[in-house]
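Q: Hey, I'm new to this one. Can you walk me through a bit of it?

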Amino acid sequence: MKPNDLSLRDLAPAHVRAIAPYVPGKPIAETARELGIPEERILKMASNENPLGPSPKAVVAIRGALGSLNYYPDGSGYDLKRALCARLGVAPGNIVLGNGSNDVLELAARAFLSPGDSAVYSQHAFMVYPLAVQAIGASGIVVPARAYGNDLEALARAVRQDTRMVFVANPNNPTGTFSPWAEIERLAASIPAQVLLVLDEAYGEYLPDALASPTPSWLARFPNLVVTRTLSKAFGLAGLRVGYALAHPEVAELMNRVRQPFNVNHLAMVAACAALDDREFIARSRDVNAAGLEQLAAGFDRLGLDYIASRANFVTVRVGPESDRVYRELLASGVIVRPIAGYGLPEHLRVTVGLPEHNERFLAALAGALGKR
């Protein structure tokens with residue numbers, strides 16, 4: 001091949017060239033520019049953000065920390081780890097901090113997957129799992145979903161000799177389905193010791209107390225368990241990007257070897273420490289979300305639409321083969337939701353739970369797009 005015939009794309013490995021980049025929810029500013037309408041008229045219900053805004057305690061803490069931005073963050077995350085230890089009953093050696101939970105999911109893949117290995121995850125699973133696996137040059141094993149959720153027994157059966165990782169989200173994104181913790185525990189017990197079980201609990205704070213996750217207490221029994229969490233959802237800190245993983249100290253130490261220095265910025269850690277202590281805000285977020293799930297479900301019932309019962313802060317609803325047209329008409333009315341054809345659900349849209357007035361505006365716009373006013 002002559003030098004002039006060489007494409008710069010050919011310099012990258014084939015598994016990197018084959019990656020389809022993750023497409024996030026459409027931003028408010030971009031939508032306003034495209035539609036030519038003010039940003040304040042745009043309602044974003046696409047990215048599972050907290051409609052209450054950030055934790056008020058976090059905002060106060062950030063304001064108090066603005067004078068120290070000339071210093072690098074504490075690379076060890078001492079204060080944030082101490083806050084997590086107090087809240088979760090774990091040790092600092094169990095914790096890996098990340099730039100959102102996406103970061104720690106990728107750290108797990110980088111630390112434990114190699115080209116030629118495989119990782120198992122469900123159909124309709126969070127798109128970061130296949131992206132992280134493919135970026136390493138490993139292969140993904142996709143297990144068919146059961147009623148849109150994780151088929152835990154099938155996930156265990158899919159493990160091969162070359163499998164090094166199993167990803168499970170509970171509740172699942174983008175379907176909102178939930179697996180009882182007793183079933184997750186049986187899965188953990190059935191996974192071979194040389195395979196990591198990565199439990200993604202990004203939406204765990206929205207579960208009622210009776211369904212609260214017990215997984216931090218499992219770390220001693222299941223040294224191959226990694227639990228990932230985020231403060232982007234219920235805590236309202238999506239714009240700051242702070243998450244963490246809980247793992248056996250040996251697993252955490254290896255993940256920390258591939259972690260970038262200062263991957264969590266100073267303001268994010270200051271805000272996270274304050275937000276973890278803001279139990280009143282979390283309780284309010286949970287209450288608003290529970291009421292919003294009921295409001296959206298009632299609206300879908302009125303419209304005669306099938307939807308997936310959700311334990312997260314969103315609902316996935318089936319709008320039919322013209323889902324792209326419905327999405328575009330919603331967008332034209334200033335309401336942003338999430339098309340999820342890329343998750344194998346081409347006739348569905350995912351909508352984030354909003355405040356009561358947000359939910360009503362969305363339902364009215366949806367009725368109009370479906371011709372059901």
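Predicted model: local features only at pLDDT ≥ 70, side-chain atom pairs only at ≥ 80, totals over all residues.

Q: Is Asn 173 buried or exposed?
A: Asn 173 is buried: its relative accessible area is 6%, and under 20% counts as buried.

Q: OK, and which residues is Asn 173 in contact with, leaving aside its neighbours within four places in sequence?
A: Asn 48, His 124, Ala 125, Phe 126, Tyr 203, Phe 314, Tyr 343 and Arg 350.

Q: What does the side chain of Asn 173 make a polar contact with?
A: With the side chain of Arg 350, at 2.7 Å.

Q: And what stands opposite Arg 350?
A: That's Arg 338; Arg 350 itself is in β13. Two bridges join β12 to β13 (residues 348-352), and these strands run antiparallel.

Q: Let's zoom out. Which strands form the sheet, and in what order?
A: Four strands make an open sheet, ordered β9-β10-β13-β12, with antiparallel pairing. At the edges are β9 (307-308) and β12 (338-339), each of which pairs on one side only.

Q: Which strands does helix α11 touch?
A: Helix α11 (residues 279-303) packs on the sheet and touches β9, β10 (314-318) and β13. Its direction makes about 10 degrees with that of β10.

Q: What about helix α12?
A: Helix α12 (residues 323-332) packs on the sheet too, touching β12 and β13. The direction of α12 makes about 30 degrees with that of β13.

Methods. Residues numbered from 1 in each chain as written. Heavy atoms only, no water. Pairing = 2+ DSSP bridges. Contact = heavy atoms within 4.5 Å. Axes fitted to C-alpha atoms, helices over the stretch in contact; angles between N-to-C directions. Buried < 20%, exposed > 50% of the residue type's maximum accessible area, 1.4 Å probe, protein only. Polar contact = N/O pair within 3.5 Å; in protein donor to acceptor, adjacent residues only side chain to side chain.
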